[in-house]
Amino acid sequence: MKQKRYFLSEQDIPSCWYNVMADMPVKPQPMLDPATREPVTVESLSVLFSEECARQELNMTERWIEIPQEVREKYTYYRSTPLVRAYGLEEALGTKARIYFKNESVSPIGSHKLNSALAQAYYCKAEGATNVTTETGAGQWGAALSYASKVFGLEAAVYQVKVSYEQKPYRRSVMQVFGAVVTPSPSMSTRAGKDILTRTPNHQGSLGTAISEAVELARMTPGCKYALGSVMNHVTLHQTVIGLEAEKQMEMAGDYPDIVIGCFGGGSNFGGISFPFMRHNFSGERNTRFIAAEPAACPKLTKGRFEYDFGDEAGYTPLLPMFTLGHDFQPSNIHAGGLRYHGAGTVVSQLMKDGWVEAVDIEQKESFEAGCLFAKAEGIIPAPESCHAIAATIREAMKCNETGEEKVILFNLSGHGLIDMTAYDQFLAGNVH
């Protein structure tokens, strides 16, 4: 079975992130302070986030944001990640499509999340913080921030969604190996957690509940900053290193994507692979399609409403203009814990509203079937989240069989599933629906 991989030299690893907001034809609506209903400022955001991340969050004018040298040096430990021509998957599908994937599973913690974790930990340390706190679903972001915190000499506290804390004990162990304190959410350690458990004693948690607890801890702890793994603009900014590399690698392959696909929870890996290519659509040079693949159990883009909503369950965050299922939405206990979030990031939401982005929802069983087919064809067991992107890719490849078109499809393999084998056990036993 053939496989062709494309790598960049160290000097070709991007030196800047791409800020899509600078080129968007219609800018995102402002985030609002829930008390005053006035747009948030760098000063108000930097109460929670590092000041530099707050500046990046609201920056709608600078197209390129320089990657700090200390962060870029850490990137070279695992970047560039390979772009792979998926000949095995093409053969298994009997498709005329040419399929490529960007393999972010080769990072030290097994997913794309480290791209932003290193940046956020660096900024927090540079500005004098001693601690960081965050939420995590499946644990990929929590593992990334735990590792990045150790790299830059910070202490980390992670609130992990309770159902994922129980489903994925080894992700919890990974975080603890790096020295993080991990708490299942909702918990009795915060006011927000206590209130949620008082209302719903058997609450299995969501990213909304975990964000509430992490935000509360950051507010109450001197020297502590909050770091977020998705949704926010600065997080997706850091992830554009994925798409910027992929652009150069696709050029090496002599191809250009007709379709770019990423799984979708809050938007970080989808935006990371998509936004660098999307700028050529804005300019009229290209007409690439961008498809966000979300779980049918949490379909904010396909079935949610575009409105202002909180990013967390307790209502601690600013009001975000986004596609949402409601900040108190309780998703079912699917294994793709990183996609169990009620809302979409403001940038992707605006792009979706304006027709630059498409969305599909994928049933859990279809996603695991796609993941198993991919594993047999390419030798990589994908994370349950990434299986959604693979399922959407297979759908598009099979359409090519029907039409006879030879489309070029690029998807982001956002992480491996080697710490998710209990989920695969459940699927193989016939217990995933």
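Helices (H or I, at least four residues) and strands (E, at least two) are DSSP runs, numbered from the N terminus. The structure described here is a predicted model, in which local features need pLDDT of at least 70 and side-chain atom pairs count only at pLDDT 80 or more, while totals for chains, interfaces and linings use all residues. Residues are numbered from 1 along each chain as its sequence is written, and side-chain values use heavy atoms, with hydrogens and water left out.

Burial is judged by relative accessible area: buried means under 20%, exposed over 50%, and partly exposed in between (1.4 Å probe, protein chains only). A salt bridge is a side-chain nitrogen of Lys or Arg within 4 Å of a carboxyl oxygen of Asp or Glu. For charge, Lys and Arg count as positive and Asp and Glu as negative, with His and the chain ends not counted. Lysine 300 is buried but forms no salt bridge, and the nearest side chain of opposite charge, that of glutamate 294, is 4.6 Å away. The side chain of lysine 300 does reach the backbone oxygen of glycine 265, at 2.9 Å. Contact means heavy atoms within 4.5 Å. With neighbours within four places in sequence left aside, the residues in contact with lysine 300 include Phe264, Gly265, Glu294, Phe323 and Tyr341.

Salt bridges come next, and by the rule given above the count comes to 21. In one of them, the side chains of arginine 79 and glutamate 245 meet at 2.8 Å, N to O. This pair links distant parts of the chain, 166 residues apart: arginine 79 is in the loop between helix H3 (69–75) and strand E4 (83–85), and glutamate 245 is in helix H12 (residues 241–253). Both arginine 79 and glutamate 245 are buried. Glutamate 245 also meets lysine 102 in a salt bridge of 2.7 Å, N to O. Here helix H12 is linked to strand E5 (residues 98–103), which holds lysine 102, and the two residues are 143 residues apart. Glutamate 245 has a relative accessibility of 0% and so counts as buried; lysine 102 is likewise buried, with a relative accessible area of 0%. Arg79, Lys102, Glu104 and Glu245 are linked in a network of salt bridges.

Another salt bridge joins the side chains of glutamate 358 and arginine 289 (2.8 Å, N to O). Because glutamate 358 lies in strand E14 (residues 358–362) and arginine 289 in strand E11, the pair ties together parts that are 69 residues apart in sequence. Strand E11 covers residues 289–295. Glutamate 358 is partly exposed, at 32% relative accessible area, and arginine 289 is partly exposed too, at 30%. Leaving aside its neighbours within four places in sequence, arginine 289 is in contact with Asp258, Ile259, Val260, Glu358 and Glu396.

Finally, there is a pair of packed helices to look at. Helix H16 (residues 364–378) and helix H18 (residues 421–428) pack at an angle of about 105°, with their axes 11 Å apart. That angle makes H16 roughly perpendicular to H18, a label used for angles of 65 to 115 degrees. The contact is made by Lys365, Phe368, Glu369, Gly371 and Cys372 of H16 together with Ala423, Tyr424 and Phe427 of H18. Axes are lines fitted to C-alpha atoms, for helices over the stretch in contact, and angles run from 0 to 180 degrees between N-to-C directions.

Definitions and conventions
A polar contact is a pair of N or O atoms within 3.5 Å; within protein, one must be able to donate a hydrogen and the other to accept it, and residues adjacent in sequence count only if both atoms are side-chain atoms. Angles under 35 degrees count as roughly parallel, over 145 as roughly antiparallel, 65 to 115 as roughly perpendicular and the rest as oblique.
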